[in-house]
Amino acid sequence: MQRRPLGRTGRTVSPIGLGTWQLGADWGDVSEADALAVLSASADAGVTLFDTADVYGDGRSEQIIGRFLTARRDHGITVATKMGRRLAQEPENYTPENFRAWTDRSRRNLGVDTLDLVQLHCPPSAVIDADATYDALDELVASGAIAAYGVSVETCAQALSAIARPGVTNVQIIVNPFRLKPLDEVLPAAADAAVSVFARVPLASGLLSGKYSASTQFAANDHRAYNRHGEAFDKGETFSGVDFETGLRAVEELSDAVPDGLSLPAATLAWVASRPGVTSVIPGARDVRQAEANAAAGTVDADLTGFEAAVVDVYDRLLRAEIHPQW
Ligand SMILES: NC(=O)c1ccc[n+]([C@@H]2O[C@H](COP(=O)([O-])OP(=O)(O)OC[C@H]3O[C@@H](n4cnc5c(N)ncnc54)[C@H](OP(=O)(O)O)[C@@H]3O)[C@@H](O)[C@H]2O)c1
């Protein structure tokens with residue numbers, strides 16, 4: 001797999017990374033052995049970016065990654081973690097003292113002195129817009145606790161606000177065939193500012209795998225069962241905010257446009273990774289088979305022109321009116 005620059009850090013990362021929310025909680029159960037196997041399979045396949053958060057399994061995802069890093073000293077992996085959701089997402093909680101406590105905990109969980117990259121985990125807009133936020137993050141860099149920072153955001157407006165800050169290494173935002181708005185302004189602005197974009201939820205929480213039907217059931221402790229309408233956190237994080245039945249119709253149409261020899265998830269990941277301005281796509285994987293298939297999408301060289309035309313057409317007809325104004 002090729003490598004792309006990570007902002008202005010001097011590091012590079014693979015165009016397909018690995019999301020590790022699944023290795024914490026909220027997606028049904030994944031054993032520690034399976035989680036370590038997913039990390040190993042991804043690294044073996046050339047993935048060099050793991051995305052995690054201090055809240056995934058309340059630290060479990062970070063701790064398992066930490067065990068992996070210790071066991072594979074020559075790993076070459078950049079770990080991007082997140083902070084800010086262990087307390088209510090109220091502006092007064094984003095203090096220098098809390099930043100220090102949260103990053104110290106992540107350093108312990110991951111077993112490192114310096115965190116490679118810490119992203120604010122979808123904070124309120126007031127936090128993204130405040131000078132004090134970046135002053136506190138700059139202090140963490142100066143102290144050596146973190147090497148770089150970024151912001152994970154919900155909306156395009158938040159992404160543009162973060163991209164305008166000179167110290168920001170990356171923004172993380174949902175980009176997939178059901179979320180095309182970032183292509184309009186966010187990706188060009190990020191490219192101009194040499195800010196990396198991590199495209200999260202690239203398979204719309206699995207909808208774009210093409211394997212679900214109207215009768216698919218998710219485990220009770222899986223957010224796709226309990227957050228379908230935004231009951232627990234932002235509705236946009238589950239199935240990209242797309243109504244499940246509408247999503248199934250869209251998937252059926254997109255499946256018809258997948259080039260021969262590719263699966264829908266592979267075409268989707270390759271297409272998102274090839275959008276100018278995207279640094280890395282970070283699909284979540286619950287097992288080795290998914291991790292290997294997703295990493296392989298990083299070397300796809302098929303012509304995706306017909307698939308792209310279908311993506312735009314399906315979005316405009318089925319999704320734009322619901323999705324575009326919200327995120
Ligand atoms: N606020 C934030 O900053 C935030 C929010 C959400 C996610 N994220 C990050 O972004 C990452 C990716 O997003 P996501 O995990 O929510 O959604 P996603 O990557 O769109 O979907 C992951 C799901 O897709 C299915 N899948 C993955 N690869 C597959 C394959 N090759 N074949 C068939 N099915 C496949 C699996 O579903 P099954 O489980 O049904 O098998 C998997 O659980 C997360 O892991 C996390 O690191 C960050």
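Helices here are DSSP runs of H or I with at least four residues, numbered from the N terminus, and their axes are lines fitted to C-alpha atoms over the stretch in contact, with angles running from 0 to 180 degrees between N-to-C directions. The model is predicted, so local features need pLDDT of at least 70 and side-chain atom pairs count only at pLDDT 80 or more, while totals for chains, interfaces and linings use all residues. Residues are numbered from 1 along each chain as its sequence is written, and side-chain values use heavy atoms, with hydrogens and water left out.

Select helix 6 (residues 156-163) and helix 7 (residues 186-193), which pack at an angle of about 10° with their axes 10 Å apart. That angle makes helix 6 roughly parallel to helix 7, a term for angles under 35 degrees. Next, show C156, A159, L160 and I163 of helix 6 with V186, A189, A190 and A193 of helix 7, which make the contact (heavy atoms within 4.5 Å).

Now turn to the largest cavity, lined by I16, G17, L18, S42, V47, P283, A291, N294 and A295. On a 1 Å grid over the protein atoms alone, a cavity is a set of points where a 1.4 Å probe fits but cannot get out, a pocket is an open set with protein on both sides within 12 Å along at least five of seven lines, and lining residues have an atom within 4 Å of a point. Helix 11 gives the most to this cavity's lining, with three residues.

Finally, select Q22, W27, S205, P283 and G284, the closest to the centre of the largest pocket among its 43 lining residues. Helix 11 (288-296) also supplies the largest share of that pocket's lining, four residues.

Notes: Helices (H or I, at least four residues) and strands (E, at least two) are DSSP runs, numbered from the N terminus. Angles under 35 degrees count as roughly parallel, over 145 as roughly antiparallel, 65 to 115 as roughly perpendicular and the rest as oblique.
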